[in-house]
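Here is a friendly note to read alongside the model. Please keep the picture open and find each spot as you go.

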Amino acid sequence: MTTPTVDTTEELAAFLRSRRERLDPVRLGLPAHRRARRTPGLRREEVAELAGVSTDYVVRLEQGRGLRPSAEVLAALAGALRLDASERDYLFDLAGRRRPGTTGGPSAAGPAPSLARLVEDLSPLPAMLMDHRYDLLAWNPEMARLLPDFDAVPPTRRNAMWLCLLHPPMRGFYADRESVLRDGVAHLRAAWAAHPQDRALAGLIAEFTAQDADFARLWAEREVSANGRGRKLLRHPALGVIAVDFEVLLPLEDPGLRLLVYRAADQESRAALNRLCAR
């Protein structure tokens, strides 16, 4: 299997093209042109004008000619293309110019022991700690009981995305699997740009792309914005449907890690989780 390393020049070009083509000129208040548009979205000259750069510069960026745009140019392009905060971070990571105020991933030493203890202390709320690859670093008993057949998963496969995609007992666990996958793929794509030398992450992405058609489809969409809170419907094999509200928290000292916490969203789900805790 070929491990996909990050070709930042080609990905930067493809990302800029995809974000330009999704914009509606009418909604941006741009004047109508007599000449019909042959492709969706804005023209390159329109992006250039909005960003205050030359059309030739935008053309060369989208053709992947190895330009190294400055932070100022990247900020101007992000504004012209109406990028959200996650997309801006992705753009800066691809260009090798991390935005001021952002930090790298976790250190090689791994998470602080206090974080693992925090996960335990969150009981009876199901909680788990993940790194940028979605590898599971810590979890409490409630989360282990909530995830179907989690105890049977080999340690090398304790990865949230692998469980969702390739662990058969979890195939129908999420009622809205598309939404869960979309968020997960968006996070992994952002992590892929932020950690270009992480061959373990690249290997995971190659495996998921080859073995799951849904992952491959969503990966090609180049979305990088994921939800940090929301509601999920879980289909537990023993307890039935459970509605949970989730929060994803980023530790200040280890911003590359993600702490996921579930809370019951209604009385029926609370009763189900209480039965889970009592098992």
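1. Let us start with the inside. The largest cavity holds about 40 Å³ of space. Here a cavity is a set of points, on a 1 Å grid over the protein atoms alone, where a 1.4 Å probe fits but cannot get out. The grid points are joined across faces, edges and corners, and a volume is the space filled by probe spheres set on the points. Over the whole structure, the search finds 2 cavities of 30 Å³ or more.

2. A word on the source: this is a predicted model, in which local features need pLDDT of at least 70 and side-chain atom pairs count only at pLDDT 80 or more, while totals for chains, interfaces and linings use all residues. Residues are numbered from 1 along each chain as its sequence is written, and side-chain values use heavy atoms, with hydrogens and water left out.

3. Which residues line the largest cavity? They are L16, V47, V58, L61, E62, L77 and L81; a lining residue has an atom within 4 Å of a point. By class, 6 are nonpolar, none is polar and 1 is charged. (Nonpolar covers Ala, Val, Leu, Ile, Met, Phe, Trp, Tyr, Cys and Pro; charged covers Asp, Glu, Lys and Arg; the others, Gly among them, are polar.) Helix α3 (residues 55-62) gives the most to this lining, with 3 residues.

4. Now look at the second largest cavity, with a volume of about 30 Å³. Its lining is made of R182, V185, A186, L218, E221 and E223, which divide into 3 nonpolar, no polar and 3 charged. Helix α9 (residues 177-194) gives the most here, with 3 residues.

5. Helix α9 also takes part in an open space. The second largest pocket has a volume of about 400 Å³, and the elements giving two or more residues to its lining are β1, α8 (160-166), α9, β3 (229-236), β4 and β5. A pocket is an open set of points with protein on both sides within 12 Å along at least five of seven lines. Of the 26 lining residues, Y174, V180, D183, G184 and K232 lie nearest the centre of the pocket. The lining has 16 nonpolar, 4 polar and 6 charged residues.

6. Is it enclosed or open? In strand β5 (residues 258-264), 6 of the 7 residues are buried, so the strand is largely enclosed by the rest of the structure. Buried means under 20% relative accessible area, with a 1.4 Å probe and protein chains only. Strand β1 (residues 127-130) pairs with β5 in the antiparallel sense over 4 bridges, and A127 stands opposite V261. Strand β4 (residues 240-249) is also antiparallel to β5, over 6 bridges, with L249 and L259 as bridge partners. Two strands pair if DSSP finds at least two bridges between them.

7. Next, find S269 in helix α12 (residues 267-278). At 3% relative accessibility, S269 counts as buried. Leaving out residues up to four places away in sequence, S269 touches I242, A243 and A264; a contact means heavy atoms within 4.5 Å.

8. Finally, step back to the whole chain, with its 12 helices and 5 strands. These are DSSP runs numbered from the N terminus: helices are H or I of at least four residues, strands E of at least two. Of the 279 residues, 44% count as buried.

Conventions:
Buried means under 20% relative accessible area, exposed over 50%, partly exposed in between (1.4 Å probe, protein chains only).
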